[in-house]
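Colleague: I would like to go through this model and ask what stands behind each label. Please set the values against the cut-offs as we go.

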Amino acid sequence: MLNLQQPKFVYMGGKLRRWEEATLHVGCEAVNRGLNVFEGLKGYWQPDGPFAVVMLQRHYERLQKSARLLHIPCLSSFEEYKNSIEQLASSLLEPDRDMWFRTTLFVTEGHWGEGTVADLVVTAFHQDKVIPSPIDLGVSTWQRSLDVALPARIKTSTNYQVARLARIEGRKRGWQEMILLNQWGRVAEATGACILMVRDGAIATPPATEGALESITLEILEVLAESLGIPFVRRPIDRTELLVADEIALCGTLAEVVLAKSIEGLPLPEETPVLRALQTRYFEAVRGMKPHPFVHMSTVGSTCGMAWPQTDVAYARKT
Ligand code: PMP
């Protein structure tokens with residue numbers, strides 16, 4: 001049986017509300033057309049106490065780009081955006097668990113693009129501090145939609161309809177995640193993560209123009225790979241290249257860096273020296289054990305009785 005978290009609070013309409021009260025009306029476009037754009041962000045406890053969110057500014061910028069592409073006004077400034085996450089973190093954080101935030105602009109007013117009004121809603125879910133175990137991957141018969149139909153570049157819930165179908169297909173075959181191919185039959189990405197492949201010691205990943213989200217985790221991994229001296233290229237990838245790859249991993253804010261142990265039922269080599277090294281470096285950076293200047297961490301909470309530390313933006317509580 002599913003056991004989904006229902007945290008006590010949600011940020012909605014400019015303030016914290018109880019989970020049960022955070023509802024949308026059936027008449028709004030967010031509900032009847034699935035009209036929204038969103039970001040998933042991850043926060044980690046740092047070794048010396050504070051809790052910090054990975055690449056907050058980049059997520060805010062991508063939210064704005066998604067909103068712009070769907071003609072949804074994004075009225076929140078970066079400070080308000082950060083503040084909404086801080087408020088929710090302060091009400092939900094637990095000392096021993098990390099947290100995943102979903103910040104969504106739901107279209108609450110308007111019709112067919114006229115009079116569009118959106119509300120910033122933030123939900124947050126506790127995450128165990130674990131390094132993900134290797135998974136079995138499949139290639140879906142479902143396809144990533146075209147840039148002229150539903151661009152993968154837009155992070156909107158409707159893009160996840162196909163992802164959902166692919167996951168249902170994968171579950172029937174015993175695979176935990178699925179790869180979506182693009183209109184040319186080449187590799188696009190997974191249902192909620194991007195894909196990395198190693199051949200002859202070099203990492204390859206498809207560029208966004210192959211039908212992948214412009215991933216923030218990939219930006220980080222590209223820089224970390226460079227710092228480790230590992231070649232990293234963005235180039236088109238054939239489906240059959242995956243089947244003969246030396247190593248495969250998925251990456252994303254929520255997926256983090258998860259290694260694959262098989263693809264389409266074919267076992268991958270057990271030794272994963274390149275992607276294991278990259279995975280280790282990623283966790284060192286986001287958990288603050290070995291920070292990297294590119295991996296920006298924004299402090300939004302602290303262990304000291306959940307008191308608020310000095311942050312780069314003044315904290316003003318709105319409730
Ligand atoms: N592709 C899809 C479809 C995703 O949902 C995600 C997760 N946001 C990613 C890729 C990875 O993006 P990011 O690294 O920015 O989380």
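Colleague: How do you know that the span of helix H5 (residues 216-228) agrees with 1.5 Å a residue?

Modeller: This is a predicted model, and the comparison is made on its C-alpha atoms. The 13 residues of H5 should span 18 Å, and the end C-alpha atoms are 19 Å apart, so the two values agree.

Colleague: Which residues of H5 are buried?

Modeller: They are Ile 216, Thr 217, Leu 218, Glu 219, Ile 220, Leu 221, Leu 224 and Ala 225. The label requires under 20% relative accessible area.

Colleague: What is found at the start of H5 and just after it?

Modeller: At the start, a side-chain oxygen of Ser 215 comes to within 3.2 Å of the backbone nitrogen of Thr 217. The cut-off for a polar contact is 3.5 Å, so this pair qualifies. Just after H5, Gly 229 has a positive phi of about 75 degrees.

Colleague: Which residues are closest to the ligand?

Modeller: Of the 16 residues that surround the ligand, the closest are Tyr 160, Glu 189, Ser 215, Thr 217 and Thr 253.

Colleague: What makes strands S8 (residues 177-181) and S9 (residues 187-190) a pair?

Modeller: At least two bridges are needed and 3 join S8 to S9, so they pair. The strands run antiparallel, and Leu 181 stands opposite Val 187 in S9. S8 and S9 form a hairpin with 5 residues between them, and Gly 185 in the turn has a positive phi of about 80 degrees.

Colleague: Are Met 55 and Glu 264 buried or partly exposed?

Modeller: Met 55 has a relative accessible area of 4%, under the 20% cut-off, so Met 55 is buried. Glu 264 is at 24%, so Glu 264 counts as partly exposed. Met 55 sits in the loop between strand S4 and helix H2, with a positive phi near 50 degrees. Glu 264 sits in the loop between strands S14 and S15, with a positive phi near 55 degrees.

Colleague: How many residues of helix H3 (residues 78-92) are buried?

Modeller: In H3, 12 of its 15 residues are buried, and the helix is mostly covered. Among them are Phe 78, Tyr 81, Ile 85 and Leu 92.

Colleague: Where is the pLDDT below 50?

Modeller: The mean pLDDT of the protein is 93, and 94% of its residues reach 70 or more. Over residues 304-319 the pLDDT is below 50, though this stretch has 34 contacts in the model beyond near neighbours in sequence. Where pLDDT is low, predicted coordinates should not be read in detail.

Note on methods. Residues numbered from 1 in each chain as written. Heavy atoms only, no water. Buried < 20%, exposed > 50% of the residue type's maximum accessible area, 1.4 Å probe, protein only. Helix = DSSP H or I, 4+ residues; strand = E, 2+ residues; numbered from the N terminus. pLDDT = per-residue confidence, 0-100. Contact = heavy atoms within 4.5 Å. Near = heavy atom within 4 Å. Expected span 1.5 Å × (residues − 1). Polar contact = N/O pair within 3.5 Å; in protein donor to acceptor, adjacent residues only side chain to side chain.
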